Amino acid sequence: MNSTTSPIINALLPAAILTTASMSTLLLPMLILILSLFLFLFLAGRRKSRKLPLPPGSMGWPYVGETFQLYSNNPNTFFALKQNRYGPIFKSHILGCPCVMVSSPEAARFVLTRANLFKPTFPKSKERMIGPQAIFFQQGEYHTRLRRLVLRAFLPEAIRGSVAGIENVALRALQSWDGRLVNTFQELKTYAFNVAIVSIFGKDEISYLEDLKQCYYTLEKGYNSMPINLPGTLFYKAMKARQQLAQIVAQIVSSRRMQRKTEANDLLGSFMEAKEDLSDDQIADNVIGVIFAARDTTASVLTWIVKYLGDNPSILQAVTEEQEEIRKSKEESGDEDRSLTWIDTKRMPLTSRVIQETMRVASILSFTFREAVEDVEYEGYLIPKGWKVLPLFRNIHHSQEIFTDPDKFDPSRFEVAPKPNTFMPFGNGTHSCPGNELAKLEMLVLLHHLTTKYRWSMMGSESGIQFGPFVLPLNGLPLRFSLKSRAEEQAV
Ligand code: HEM
């Protein structure tokens, strides 16, 4: 400010408006002050993290850690032993990574809902195989956008019109089982795959079904193989099949564009909406990702439902009666069209509780993985940056404090809603399952026809369990299915 400025104006101007000369003399000390403040905060933060203890637990042998203890037996025994010894948060070292496992509802919620502190983490080979731009691997704005697009296609309003389509898939599947000894899990995988394809592509692209199926099956065979990309290996074949899958999806996308059919009411239509501006690669990665997420999960839960119903004849009888009631009311209504409707699926409370209880007892996904993106303090412990964090769903679902007699299959416990965050078969928070409504719908539709039209008997071992990656009845539950006679149907 020069000396000729009026004193009144001088008084009104804020003190911060200073001359260039006085600014440069102040700038250096201010800079030093700010830098020292940052340094202090940084060091204080580090000192704080260093002072915090790691959670209790053992890290096992160098490099291999406790991987063998985890995978040589039932992994759930490992988790339960650790929890008994160390409490609900403990450290370990598996698959070459230090990790923290958490088994209280609060801790699991903390990890799954704080996306800024914990990011999804997968081996690079799995990312390459599914597609690096698929929803599971993402964070931030791109993840939010993908989630909106997936949810839009799978919310109740979007899927209520697809009941009849799913019913056709279910009837076709069940007809093919009549009189045969089947591997229940394998058959249900085919069912869940076909439902996923109809939900993603609608009915029109059914002509691509066989090609999609062949490629997907080759991809699946290599998914858990050693990631050696050399001709002849399972991994190599799987990566080739993945490329072909992406090409088929690109073909479908381009034929829809040519027919100007870009606003279909299915998942592909949602991804293709012009204003979303997703590339063909992004669409392919996410289509493959959704098939991957939808198939084995739903098939595993359905396999367990069939097993538990077989083991509990009185519950099977009650479910059959509930489903017969719906079938009879449709017959008596005199309507020509007896297909199931969305409203019918809302009249199946007991069957829905059987699904819930199966997801709790079987807990087909025992846990999931996240990675700490910075040092995190939780309950007085340090979770160091870069460590894996595993919320243990199964431990929560089998906790005696939360569920009375937790190992017992008792659907009636769901007559009362479980406490918040204690029941999370579909995960929780930012990456929770956007396909949960579709999964429940396709299970109800299949169970309606299975219980009203078929009976089945167990073949082979009835109690064995196999692990990895999903928990399953041994050998996929071999069963012999046959159509009930009319007399049997009427006897219910
Ligand atoms: C009973 C069957 C199913 C179960 C038990 C299940 C379970 C889960 C769980 C636990 C997660 C969260 C994983 C995590 O947080 O790391 C998840 C995510 C996901 N699920 Fe499902 N799921 C099922 C069926 C489906 C179906 C039918 C679809 C699609 C049609 C689907 C699509 C997805 C997708 C896309 C994600 C990733 C979401 C994201 O990263 O934002 N799931 N599922």
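**Note on helix packing and the iron site**

1. Helix H17 and helix H19 cross in the right-handed sense (right-handed if the near helix is turned clockwise from the far one by less than a right angle, left-handed if anticlockwise). Helix H17 covers residues 349-362, and its axis comes within 10 Å of that of H19 at roughly 120° (axes are lines fitted to C-alpha atoms over the stretch in contact, and angles run from 0 to 180 degrees between N-to-C directions). H17 is therefore oblique to H19 (under 35 degrees counts as roughly parallel, over 145 as roughly antiparallel, 65 to 115 as roughly perpendicular, the rest as oblique). Thr351, Ser352 and Ile355 of H17 meet Lys440, Met443, Leu444 and Leu447 of H19 (contact means heavy atoms within 4.5 Å). These residues divide into four nonpolar, two polar and one charged (Ala, Val, Leu, Ile, Met, Phe, Trp, Tyr, Cys and Pro are nonpolar, Asp, Glu, Lys and Arg charged, the others, Gly among them, polar).

2. This is a predicted model, in which local features need pLDDT of at least 70 and side-chain atom pairs count only at pLDDT 80 or more, while totals for chains, interfaces and linings use all residues. Residues are numbered from 1 along each chain as its sequence is written, and side-chain values use heavy atoms, with hydrogens and water left out.

3. Mean pLDDT for the protein is 89, and 89% of its residues reach 70 or more (pLDDT is the predictor's confidence in each residue, from 0 to 100). Over residues 1-21 pLDDT stays under 50, and the model has seven contacts beyond four places in sequence for this stretch.

4. The ligand's iron atom has a single protein donor, the SG of Cys433, 2.3 Å away (donors are N, O and S atoms within 2.8 Å of the metal, or 3.2 Å for Na, K and Ca; water is not among the atoms, so sites may look incomplete). Cys433 lies in the loop between helix H18 (393-397) and helix H19 (436-453) (helices are DSSP runs of H or I, at least four residues, numbered from the N terminus).

5. Helix H11 (residues 209-223) packs on helix H12 (residues 234-258) at about 150°, the axes being 7 Å apart. H11 and H12 are therefore roughly antiparallel, and their crossing is left-handed. The contact includes Leu212, Cys215 and Leu219 of H11 and Phe235, Ala238 and Leu245 of H12. By class, its residues are ten nonpolar, three polar and four charged.

6. Helix H9 (residues 163-177) and helix H10 (residues 184-201) pack at about 155°, with axes 10 Å apart. H9 and H10 are therefore roughly antiparallel, and H9 passes H10 in a right-handed crossing. Among the residues in contact are Ile166, Val169 and Trp177 of H9 and Leu188, Tyr191 and Val198 of H10. The contact of H9 with H10 has nine nonpolar, two polar and one charged residues.

Notes: Helix = DSSP H or I, 4+ residues; strand = E, 2+ residues; numbered from the N terminus.
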